[in-house]
Every structure is written in structure tokens, then in C-alpha cells.
Amino acid sequence: QVQLVESGGGSVQAGGSLRLSCVRSGDTSRSYCMGWFRQAPGKERERVAVFYTEGGSEYYANSVKGRFTVSQDNAKNTVYLQMDSLKPEDTAMYYCAAARGYYGNVPIAKEADFAYWGQGTQVTVSS
């Protein structure tokens, strides 16, 4: 069992930056496929970034590629989503998720593959 708690959301003007954090607790001894997702009001949940806690290749949605970067501190069981050059269309609730299993060299795990989810943190970008 894994528990995930996100933090770091807030309000920022377009062009600004935010860094989201996700602390993983519970069974932290295993490796996981981690994901960041987001959901804007009235829209479906969107996969933003996916990566392995063991490192390796990362997946980014085209909409955030070049602006968002994932990182992790395994000693703290924490993963991060650095968001730069934010746009109003980035406004959404952001969720951290964890999955067991291997989803390819570039992890393309889908939403349904993730068994563990955080409660979300709101990001609002104003123009």
C-alpha cells in the first residue's frame, strides 16, 4: 500500500513557475512508475509526465514538453514536477500517482494503470 500527498500548488501569473511535490509513504521499498496528471474543470484527466523511481527515460505530454520537468529525491521518497513558463491553460488540479510494473523504456502507463493517487493540488495560472 502506498500513500501519496501532493503540495506546492497555488496561483501564479502566466510565465511564472511552480514546483509541485509528492511525498510517497507506506511501501516505499519497491520501485514504482510515477505519474503526474491534471484535470481542468469540465475536462478529462490528462497525463502530464510519467517516469520510474529507478530513473531512466521520462514521458511528457506534448502540451508541457520543454516547460515541465520531473525529478525525485529517493532519500526523501519525494518526486517533483517543476513547471516553468506556465500558461493559463495549465490551470488544473494536479495529481500524483503510483503504479507497479514496467511500461516500456519510455513509460507510457495510462491512467488506468495507476493504483495509487494523491488528493491533488490546485494550480491556477492567470493571464
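Residue numbers start at 1 in each chain and follow its written sequence. Because the model is predicted, local features need pLDDT of at least 70 and side-chain atom pairs count only at pLDDT 80 or more, while totals for chains, interfaces and linings use all residues; side-chain values use heavy atoms, with hydrogens and water left out.

**View 1. The disulfide of Cys-22 and Cys-96.**
Let us begin with the sulfur atoms of Cys-22 and Cys-96, which lie 2.1 Å apart and form a disulfide (a pair of cysteine sulfur atoms within 2.5 Å). The count by this rule is one disulfide. Its link is left-handed, with -75° about the S-S bond. Distant parts of the chain are joined here: Cys-22 sits in strand E3 (residues 18–26) and Cys-96 in strand E9 (residues 92–99), 74 residues apart. Strands (E, at least two residues) are DSSP runs, numbered from the N terminus. Both cysteines, Cys-22 and Cys-96, are buried, meaning under 20% relative accessible area with a 1.4 Å probe and protein chains only.

**View 2. Cys-33, a cysteine in no disulfide.**
Where is the nearest cysteine sulfur to that of Cys-33? It belongs to Cys-96 and is 11 Å away. Cys-33 is buried, and its relative accessible area is 0%.

**View 3. An open sheet of four strands.**
Follow the strands in the order E1-E3-E8-E7, and you will find antiparallel pairing; two strands pair if DSSP finds at least two bridges between them. Strand E1 (2–7) and strand E7 (68–73) stand at the edges with a single partner strand each, so one side of each has no neighbour in the sheet. From one strand to the next, the twist averages 20°, taken between axes that are lines fitted to C-alpha atoms, with angles from 0 to 180 degrees between N-to-C directions. Six bridges join E1 and E3 in the antiparallel sense. Ser-7 has Ser-21 in E3 as its bridge partner.

**View 4. The surroundings of Thr-121.**
Thr-121 belongs to strand E11 (residues 121–126). Is this residue buried or exposed? Thr-121 counts as buried, at 11% relative accessibility. A polar atom of the Thr-121 side chain lies 3.1 Å from the backbone nitrogen of Gly-9. Beyond its neighbours within four places in sequence, Thr-121 is in contact (heavy atoms within 4.5 Å) with Glu-6, Ser-7, Gly-8, Gly-9, Leu-20, Ala-92, Met-93 and Tyr-94.

Technical notes: Buried means under 20% relative accessible area, exposed over 50%, partly exposed in between (1.4 Å probe, protein chains only). A polar contact is a pair of N or O atoms within 3.5 Å; within protein, one must be able to donate a hydrogen and the other to accept it, and residues adjacent in sequence count only if both atoms are side-chain atoms.
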